[in-house]
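Please read it with the structure in view.

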Amino acid sequence: MGYLSNTVVTVDAILTKKGRELLAKGDGSFKITQFALADDEIDYTLYNPTHPNGSAFYGEAIEAMPLLEAFPDETQIMKYKLATLPRGTAKLPILDLGYAAIRLKQGASLAITPQTLNYLGTTQTFEAGGYVATMADARVLSTLNGVGVNTAEATALNSTTTLGTNVSKTVIGTSINITATTVNTLFSGTDTLQTTLTVIGRDSGARVTIPVTIIKVNS
């Protein structure tokens with residue numbers, strides 16, 4: 001959601017396809033239980049502590065920036081979520097997936113176990129709440145599962161199917177299991193399929209996106 005005006009408290013909220021599906025049921029299954037805030041629109045380099053009019057104007061340029069309207073594409077919005085970190089935190093948490101990029105042959109599998117660096121006073125740790133993993137084009141995989149988090153939200157996301165359409169898929173877990181597609185028709189004259197994997201720490205808010213390449217196996 002996005003605030004449309006600085007003078008009137010107005011909230012523009014839209015629903016994803018899954019949200020509209022739940023709302024249409026009319027059985028009370030549509031319930032908003034969580035929300036997140038982000039500052040995607042903000043360019044902090046515009047903060048000017050040397051403004052000639054004094055400290056009240058240091059952030060003037062930032063406050064005048066236009067705000068994004070809501071749209072349900074998690075690869076383009078809410079990329080920089082606000083997170084609460086322990087007082088005294090000197091370094092922002094970052095994610096380490098163990099891979100800078102993923103290349104898989106058709107049918108090959110891979111288990112990804114993210115770790116969060118600079119979090120909770122340690123150099124390396126696993127987040128108790130797990131990680132949210134989003135594959136931008138779910139068609140390139142035959143399997144995308146999250147394991148290790150047994151909440152209703154995680155179970156619902158991990159059981160979602162995409163019916164072979166070129167949409168993203170999101171799962172939750174402490175580990176993420178993927179298997180490359182075996183469908184040859186997706187390659188359509190090329191030997192590789194390209195997409196991205198985005199992983200977000202549910203507790204820290206740390207985020208990383210890496211490229212994913214699926215390689216066709218010629219028989």
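Does Leu-68 count as buried, partly exposed or exposed? Leu-68 counts as partly exposed because its relative accessibility is 35%; buried means under 20% relative accessible area, exposed over 50%, and partly exposed in between (1.4 Å probe, protein chains only).

The model is predicted: local features need pLDDT of at least 70, side-chain atom pairs count only at pLDDT 80 or more, and totals for chains, interfaces and linings use all residues. Residues are numbered from 1 along each chain as its sequence is written, and side-chain values use heavy atoms, with hydrogens and water left out.

**Sheet**

An open sheet with mixed pairing is formed by 5 strands in the order β4-β13-β12-β8-β10. Strands are DSSP runs (E, at least two residues), as helices are (H or I, at least four), numbered from the N terminus. Two strands pair if DSSP finds at least two bridges between them. β4 (102-105) and β10 (169-173) stand at the edges with a single partner strand each, so one side of each has no neighbour in the sheet. β8 (residues 131-135) pairs with β10 in the antiparallel sense over 5 bridges. Tyr-131 stands opposite Gly-173 in β10.

**Aromatic pair**

The whole structure holds 1 aromatic pair. The ring centres of Tyr-47 and Tyr-58 are 5.9 Å apart and the planes are at 85°, so the pair is edge-to-face (centres within 6.5 Å; planes under 30 degrees apart count as stacked, over 60 as edge-to-face, the rest as tilted).

| Residue | Relative accessible area |
|---|---|
| Tyr-47 | 46%, partly exposed |
| Tyr-58 | 22%, partly exposed |

How values were computed:
Phe/Tyr/Trp six-rings, centres within 6.5 Å; stacked < 30°, edge-to-face > 60°.
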